[in-house]
Amino acid sequence: FFSPMLATPCSTPLLTNEPAYYNRLEVPVAVQGHRASVVALVAGALIICILPTTVMSDVGTPSRALFSSPGQPSTVAAGTTTAQVGGLQPLRSEANSNLGPGTASSATPMEVPPAVTSPDNEGMQGQPPPLLTSATHKLLTTFAWALAAMGVILGFANPVARSVGAAAAGKKKTAKSRAGAGFGKGKSGSKKDPVAARRIKTRVKRRKLLTEKEFPTDPRKAVPAHIPRPSYADDGIPKERPPLLPIIEVKSAKDIEQMRKSGRIAREVLDCAVRAVRPGISTEELDDIVHKETIARGAYPSPLNYNGFPKSVCTSINEVICHGIPDRNTLLKEGDILNIDVTVFFEGFHGDCSEMAFVGEVDEDARRLVQVTYDCWQEAIKICKPGVRYSEIGGVIEDYVTERGFDTSRQFIGHGIGRAFHTIPNVFHHHNNQNEGVMKPGHTFTIEPMIAEGSCKGGLWPDGWTATTDDGSRSAQFEHTFLITEDGIEALTAKLPTSPVQPWEKPLAEAKEAEV
């Protein structure tokens, strides 16, 4: 049971302090089927079945010694009473009738008949042969504990070895691809771009100031009583439990139709928020829009009170990787890039999606970051179909972005979704060997890569949620809720004909309109 907990450190709430709200309580640490788990389980069974059985077998068996060495004389003589052997009274027999006062009972006990001796128990006068010799007992004890130790060691070593192996395998390739792309270099290719360095320094300073400020939040917004609520709406604790086995739920046709509805609502609400983005608007106003549009459609804003999250939407600006909390003091400025992450709960199912938005005119580096993020996301989507392993998604994303000089987050992941906000499979956005299963028709999950200009390694703000890049570099993200179909994949939160589009999507949208 140790190894599956350690096998997915990004999604283990008891072992990490990741800021992702799906890493708090919800993502299950289900049994992953690792060999180490089997070994640990076998060892535990041996300890339970062998040791307690053998140790306890001599209770109530006073006339037979359970463990004894060959040639060891009997410690229980013929004529000894069962009560005395049981420990209720000191031993009393004809052979030890000369014991001093206070060491023997004055009661007249019923004697046990003498044991029959034979060549097999010669040297152990007064009792039949032992069930196990002490040497055998020690051997079995050592074997059982050795198995237990091996199970625990493998439980710890298995995920560590796989993580180190995956990192080593991708490190050389990543370094080579970054060098080829001129990562971290200026136009001359030999030094860091001084303009970029100043920009990052400014962002780090701004992040420090924001980190040190207070984080005032308004009271939690009310949701009408007639709207169905998720299990955590009142106390913040999701009640959906992890599956007992690492088996990804296959949605029924009825479930899929319900998820299409929740996905459609999530897209409509997200579109409303993206249209409202402009310089000078506060992130709290965007939260107001998302909350109002969600309940107007009879749905519940899923982030609200999920493990205590205080708002109805996540707004992540510039260097914020994810889970930014809206507030009235944070105003969007010309040149910012913003991710809006919307999830709704409708008729028992969640729909989750996010989109990037430009605030006014942005610099070319910001446009390139957002487009590369979108493109790597699309490349990952292309490989999804029945029979593909979920672990393959991360490799496609990491290869694509590192070749272009960007970095992908290893701290935050995509996830299964349905009745539960977050469940299996875990979808990693980097090279990994995690055993998350194989895609099958009826699986629903998200892909949501978070890509940064510099390092995507993140830190957590004092609000307990906002995750930002350590070096202050900007980050971007896109997300859909997907369904695996018989012949491929379907985006349940796909854009509508009226949805806002990215600059590179406009020619395609215009071409489609011309065809119509």
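How many bridges join strand 4 (residues 314-317) to strand 6? Four bridges join them, and the two strands run antiparallel. This is a predicted model, in which local features need pLDDT of at least 70 and side-chain atom pairs count only at pLDDT 80 or more, while totals for chains, interfaces and linings use all residues. Residues are numbered from 1 along each chain as its sequence is written, and side-chain values use heavy atoms, with hydrogens and water left out.

**Strand 6 and its cover**

- Strand 6 spans residues 337-346, where strands (E, at least two residues) and helices (H or I, at least four residues) are DSSP runs numbered from the N terminus.
- Ten of the ten residues of strand 6 are buried, buried being under 20% relative accessible area, exposed over 50% and partly exposed in between, with a 1.4 Å probe and protein chains only.
- In a regular strand the side chains alternate between the two faces of the sheet.
- Ile 337, Asn 339, Asp 341, Thr 343 and Phe 345 point one way from strand 6, whereas Leu 338, Ile 340, Val 342, Val 344 and Phe 346 point the other way, and all are buried.

**Partners of strand 6**

- Two strands count as paired if DSSP finds at least two bridges between them.
- Strand 3 (residues 300-301) pairs with strand 6 in the antiparallel sense over two bridges, and Tyr 300 has Phe 345 in strand 6 as its bridge partner.
- Strand 7 (residues 349-358) runs antiparallel to strand 6 and is joined to it by ten bridges, with Ser 354 in strand 7 as the bridge partner of Asp 341.
- The hairpin of strand 6 and strand 7 has two residues between the strands, and Glu 347 takes a positive phi near 50° there.

- An open sheet has the strand order 5-14-13, with antiparallel pairing.
- Strand 5 (320-322) and strand 13 (458-460) each have a single partner strand and stand at the edges, so one side of each is left without a neighbour in the sheet.
- Strand 13 pairs with strand 14 (residues 467-469) in the antiparallel sense over three bridges, and Gly 459 stands opposite Thr 468 in strand 14.

**An exposed loop residue**

- Ile 247 is found in the loop between helix 6 (194-212) and helix 7 (253-275).
- Ile 247 counts as exposed because its relative accessibility is 57%.
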